[in-house]
Amino acid sequence: MNVVLGGGPAGRTAAVHLALNGEEVTLVEKGEIGGQCLHYGCMMVCALNEAARARTTARNLHDLGIFTSIPDIRFQSLLSRMKEVQQKIAGILDAETRGAGVSIIYGQEGRVENGTVIIGDEEVDADSIVIATGSRPTIPAVPGISSAGVHTPHTLSSMDDLPKNLVIIGGGIMAAEFAYIFQEFGADVHLVSRSGFLKNLDPNLAALARKELSGTRILEDTALKAIEGETRVEGVHLEGKEGNIDISCDTVLLAAGLTARSEMIAGVEKKQGGEILVDRRMRTSASGIYACGDVTGSPRLTPVARHEGFVAAENILGREREMDYSAIPQSMNLFHEYAFVEIDNPCAVSATVPGPAGPGTFWSVPSGRTGLARVSADPDTGTLCGIATAAPSGGIIAAYQAFLMRQGIGVTSFDDFIEVHPMADGIYPLMKYLSCKFRAGKFS
Ligand SMILES: Cc1cc2nc3c(=O)[nH]c(=O)nc-3n(C[C@H](O)[C@H](O)[C@H](O)COP(=O)(O)OP(=O)(O)OC[C@H]3O[C@@H](n4cnc5c(N)ncnc54)[C@H](O)[C@@H]3O)c2cc1C
């Protein structure tokens, strides 16, 4: 029998793949199936972002004199409807997992001690163990951090009201996504970034994101020092380049990264932050024990977690398969869907264009906010090295482009590409343009 700890994207993928290949599998999930992705992460952001985007669109059409009003958000209805949908999806995942032949134990905590798995109080004899216990939001150790009104993505759905004055701690994608949502919902938003805001993002995308977040005050190179307030949060005390800053607020949202959940795992090697050490076949330092997903500290993304779960299962099945972390596409959802994928190539040549008018961008033409597209390619071979886009459905574009990049496709392969029309994608015309330049020997 195989035991999988954790029913998030990594654990569920591993369990289902093992079961579909004829293995006996028990999946232990102490909370709800779907993990962080469904309940506190990707899907929650989708739910809130869809409402925010609808409001941005309505505001734009109102400003153009087309709509008569801008709808207000019923925040509590939004949260309760969101939970209903999450439960519906969890039901589908439960049925799909059981349908594959996996036994699920809910409400029990699994732990590992010296090569043995313990479910609740019972020691279980397992042929293999897959640790997929995920991650949790990182909580900074500052005074007042436990005050009422301080939230993480895991507690956001229990907010008692829409924040009026919100401070978001974090300077990455997660923080930017929440800033867009709450800015659009009408909150007064401050974003506090310990270093540069979106510093790892393509500079074109980061500049566009700052424009979209013009209603958010962004404080960079600034650290949270304390949360003020007697019974609940009343403000934050910050330390920045120019000294101390105090900001009044009714809510703080911690969106400054994730920490591996591995405290219940003993007898395998871990990194300093608790991430479980694995090789490319997802094997830990202990024989028969595998780990996958956020708990390993790999890029904390659902598709990576799922693929690691698949690779772990393949190796348990005796098929040698390794993780390949090159060309992993990523996205960030503000009004546009920002998406990018990059293969490191310092010689790459790039071209950038504004996004074309199409579904979802027509009424952005007057404000000039149709997004953008950027393609990079190797000047000697024409091979694709990267794309960045801000467009409706940018994530879908990036996922397929990443797949092509992994096959070593070059810009000239797009000479015969036939698009659909209308479409708000600026990537394919750039490919054709770069192909022309490449064939003409003017590619630098
Ligand atoms: C706000 C936010 C937004 C995000 N947005 C995106 C996005 O847009 N795109 C993207 O790709 N990724 C996103 N992520 C990251 C994504 O959610 C994670 O990478 C993904 O959920 C990792 O899957 P996992 O299976 O490794 O872990 P998790 O999803 O954390 O699942 C782990 C599961 O294990 C269970 N568990 C823990 N300990 C035990 C135990 N001892 N016994 C039994 N069960 C246990 C937990 O209850 C949980 O269900 C986001 C994350 C957050 C917080």
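Helices α1 and α7 pack at an angle of about 35°, with their axes 7 Å apart. The model is predicted: local features need pLDDT of at least 70, side-chain atom pairs count only at pLDDT 80 or more, and totals for chains, interfaces and linings use all residues. Residues are numbered from 1 along each chain as its sequence is written, and side-chain values use heavy atoms, leaving out hydrogens and water.

**The α1–α7 pair**
- Axes here are lines fitted to C-alpha atoms over the stretch in contact, and angles run from 0 to 180 degrees between N-to-C directions.
- The two helices α1 and α7 cross in a right-handed way, a label used if the near helix is turned clockwise from the far one by less than a right angle.
- On the α1 side, the contact (heavy atoms within 4.5 Å) is made by Pro 9, Ala 10, Thr 13, Ala 14, His 17 and Leu 18.
- Residues from α7 include Thr 302, Ala 305, Arg 306, Gly 309 and Phe 310.
- By class, the contact of α1 with α7 has eight nonpolar, four polar and two charged residues.

**Around the ligand**
- The ligand is surrounded by 36 residues (a heavy atom within 4 Å), and the closest are Ala 10, Glu 29, Gly 110, Asp 294 and Thr 302.
- For polar contacts (N or O atoms within 3.5 Å), a polar side-chain atom of Glu 29 lies 2.6 Å from a ligand oxygen atom.
- Backbone atoms take part too: a polar one of Lys 30 is 3.2 Å from a ligand nitrogen atom, and an N or O atom of Ser 135 is 3.4 Å from a ligand oxygen atom.
- Of the 1,000 Å² of accessible area that the ligand has on its own, the protein covers 93%, using the Shrake-Rupley method with a 1.4 Å probe.
- Elements giving two or more residues to the shell are α1 (9-20), β2 (25-29), α2 (35-39), α5 (173-184) and α7 (302-316); these are DSSP runs, with helices (H or I) of at least four residues and strands (E) of at least two.

**Backbone details**
- His 421 and Pro 422 are joined by a cis peptide bond, with omega about 0°.
- Asp 221 is not a glycine, yet has a positive phi of about 50°.

Conventions. A polar contact is a pair of N or O atoms within 3.5 Å; within protein, one must be able to donate a hydrogen and the other to accept it, and residues adjacent in sequence count only if both atoms are side-chain atoms. Ala, Val, Leu, Ile, Met, Phe, Trp, Tyr, Cys and Pro count as nonpolar, Asp, Glu, Lys and Arg as charged, and the others, Gly among them, as polar.
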